[in-house]
Amino acid sequence: MLEENINLVRKNMQQFALKYNRKADAINLIAVSKKKSAMLIRQAYQLGQHDFGENYLQEAIDKQCDLRDCKINWHYIGQIQSNKTRLIAENFNWVHSVDRLKIAQRLNEQRDVTQSKLNICLQINIDNEESKAGFNQSELLEHAEQIAELKQLELRGLMAIPASHTTFAKQKETFDKVRKSFDEINAKLNKKMDTLSMGMSNDMEAAIAAGSTMIRIGTAIFGRRD
Ligand SMILES: *Cc1c(COP(=O)(O)O)cnc(C)c1O
């Protein structure tokens, strides 16, 4: 079951890369394992999946402890409360959901200097939804340069969770806006960002068509969450 799912997701990624003239190896797969057991993660790891995304801090840290013998790249993709930044800074390789300047500053202060830099993406609230976290477009332009200067962080790109659109055209339109914002910010930065974290189980084709470099897939790999 898990093996078939992973193989199918990989096959789809390759086909979409081909269809939209993208290099297949420029698109990375993050397996989103929230609410799934350490045992399932281990099985996916043994099938060659090394990047996992988690949303809930304590759950993630428990699983990291069970899986410390595996060389996993851990991606934090959940909402960030400011009193939890230290644990996030110390226990992940990537944070995709940086949604305020203050959070970036705290992660920078709390990332241990003996560790490699913490890779971050800034979350953009692309559909300007009340219910969603993230910077809006103008805040991003205002803060990205400042965040790029933070010494313990490596500003890698943008992350988006669009409103759920059902048609390919609508999905693509939204991801194109993220891409445009990415290009605008990059034009102002000395060190260019290289990551567009966008696309989930239901919109990965549109995300790849729009230039995604990291897709975050949960359901299509691990099945439904209860
Ligand atoms: C849960 C989650 C995903 C995975 O969603 P699926 O629809 O299960 O593929 C991706 N990104 C974020 C931020 C999530 O919270």
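Colleague: Where does the ligand sit?

Modeller: The ligand sits in the largest pocket, where a pocket is an open set of points, on a 1 Å grid over the protein atoms alone, at which a 1.4 Å probe fits, with protein on both sides within 12 Å along at least five of seven lines, and sitting there asks that more than half of the molecule's atoms lie within 2 Å of the grid points. This is a predicted model, with local features needing pLDDT of at least 70, side-chain atom pairs pLDDT 80 or more, and totals for chains, interfaces and linings using all residues. Residues are numbered from 1 along each chain, and side-chain values use heavy atoms, leaving out hydrogens and water.

Colleague: Which residues surround the ligand?

Modeller: Among them are Val32, Asn55, Ile77, Met200 and Gly218, each with a heavy atom within 4 Å of the ligand.

Colleague: And which polar side-chain atoms lie at what distance from an oxygen atom of the ligand?

Modeller: One of Lys34 lies 2.7 Å from a ligand oxygen, and one of Thr219 lies 2.5 Å from a ligand oxygen; a polar contact is a pair of N or O atoms within 3.5 Å.

Colleague: What about Arg216?

Modeller: A polar side-chain atom of Arg216 lies 2.8 Å from a nitrogen atom of the ligand.

Colleague: Changing topic, how many aromatic pairs are there?

Modeller: The count is three, taking rings of Phe, Tyr and Trp (its six-membered ring) whose centres lie within 6.5 Å, with planes under 30 degrees apart called stacked, over 60 edge-to-face and the rest tilted. One of them joins Phe52 and Trp74, tilted at 45 degrees with centres 6.3 Å apart.

Methods. Polar contact = N/O pair within 3.5 Å; in protein donor to acceptor, adjacent residues only side chain to side chain. 1 Å grid on protein atoms, 1.4 Å probe; cavity = no way out; pocket = protein on both sides within 12 Å on 5 of 7 lines; lining within 4 Å.
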